[in-house]
Amino acid sequence: AFVPRPIAFVSTRSRDGRTNCAPFSYSMGVSSHPMILAVSVGDRDGRPKDTARNILDTREFVVNIVTEDIAEKMNVASGDFADSVSEFDEAGLTPAASEIIGAPRIAESPVNFECRLIRAVRVADNTVFFGETVRLHIDDAVLTDGLVDIRKVRAVGRLGGPRYCRTQDVFEMVRPKITGPKSARRTDAR
């Protein structure tokens, strides 16, 4: 039970201009400088999903944060639709023009990462896409003193199956100061 997992609500565009959006909960931030995100996209019936095909064809995608306000629409977009169907239309979401890339953002999401593909790695029956963020969009409504306020974003995470979680129960811990000789400090990731 690898939980909770952030949900990358990925929007793409096909070579012929069809829009697509789909959620993936095997995703993560990989690096902050430069800002690199990773999204793992599984196959469907032994074939790449539309999202994977679009990223491979165009080398770009947008990661949109899922909030409580759009959770139901995200769930609709997770359906198995025909290639010719736009999940934006089915879920009632609004495609918004990106500034740097051709793939649209999800207008209803307050945080969007425009990404350019830097590497695709095949792992089992998944392709993990590593994208460098070339433009970050943050709605002013979710900022407090110039910083993203997690209580205002109201992000949703995945727990597995039909279960999700809210990020409203937030607490803080201060990193402990380590004393003693440097050689006595633990350096492994365990």
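**Close-up views of a predicted model**

Figure 1. In β3, threonine 19 is the bridge partner of arginine 13. The model is a predicted one, in which local features need pLDDT of at least 70 and side-chain atom pairs count only at pLDDT 80 or more, while totals for chains, interfaces and linings use all residues. Residues are numbered from 1 along each chain as its sequence is written, and side-chain values use heavy atoms, with hydrogens and water left out. Strand β2 (residues 8-13) runs antiparallel to β3, and six bridges join the two. Five residues stand between the strands of this hairpin, and glycine 17 takes a positive phi near 95°. Helices (H or I, at least four residues) and strands (E, at least two) are DSSP runs, numbered from the N terminus; two strands pair if DSSP finds at least two bridges between them.

Figure 2. A salt bridge is a side-chain nitrogen of Lys or Arg within 4 Å of a carboxyl oxygen of Asp or Glu. Aspartate 57 forms such a bridge with arginine 15, with 2.9 Å between the closest N and O atoms. Because aspartate 57 lies in helix α1 and arginine 15 in the loop between β2 and β3, the pair ties together parts that are 42 residues apart in sequence. Aspartate 57 is partly exposed at 33% relative accessibility, and arginine 15 is exposed at 66%. Residues count as buried under 20% relative accessible area, exposed over 50%, and partly exposed in between (1.4 Å probe, protein chains only). A salt bridge also links the side chains of arginine 18 and aspartate 16 (3.2 Å, N to O). Arginine 18 is partly exposed, with a relative accessible area of 36%, whereas aspartate 16 is exposed at 55%.

**Figure 3. The largest pocket and its lining.** The volume of the largest pocket is about 480 Å³. Its lining has 27 residues, of which Ala22, Phe24, Arg44, Lys49 and Ser78 are the closest to the centre. Two or more lining residues come from each of β3 (19-24), β5 (35-44), β6 (47-48), α1 (50-58) and α2 (71-77). Strand β3 gives the largest share of the lining, four residues. Five of the six residues of β3 are buried, so this strand is largely enclosed by the rest of the structure. On a 1 Å grid over the protein atoms alone, a pocket is an open set of points where a 1.4 Å probe fits, with protein on both sides within 12 Å along at least five of seven lines; lining residues have an atom within 4 Å of a point. Grid points are joined across faces, edges and corners, and the volume is the space filled by probe spheres set on the points.

**Figure 4. The sheet of β1, β14 and β15.** Three strands form an open sheet in the order β1-β14-β15, with antiparallel pairing. Its edge strands, β1 (5-6) and β15 (163-166), each pair on one side only. Strand β14 (residues 156-160) is joined to β15 by four bridges. Cysteine 165 in β15 is the bridge partner of glycine 157.

Figure 5. Leu136, Ile138 and Val148 make a nonpolar surface patch of about 210 Å². Leucine 136 lies in strand β11 (residues 126-138) and is partly exposed, with a relative accessible area of 35%. Patches are made of residues with over 30% relative accessible area and no salt bridge; like charges are joined within 9 Å, and nonpolar side chains (Val, Leu, Ile, Met, Phe, Trp, Tyr) within 5 Å. Accessible areas come from the Shrake-Rupley method with a 1.4 Å probe; for residues, only the protein chains shown count as cover. The side chains of glutamate 99 and arginine 135 meet in a salt bridge (3.0 Å, N to O). Glutamate 99 lies in the loop between β8 (95-96) and β9 (105-106) and arginine 135 in strand β11, so the pair ties together parts that are 36 residues apart in sequence. Glutamate 99 is exposed at 55% relative accessibility, and arginine 135 is partly exposed at 33%.

**Figure 6. Glutamate 87 in helix α3.** Glutamate 87 lies in helix α3 (residues 87-91) and is buried at 4% relative accessibility. Glutamate 87 and asparagine 20 are 67 residues apart in sequence, yet 5.6 Å apart in space, C-alpha to C-alpha.
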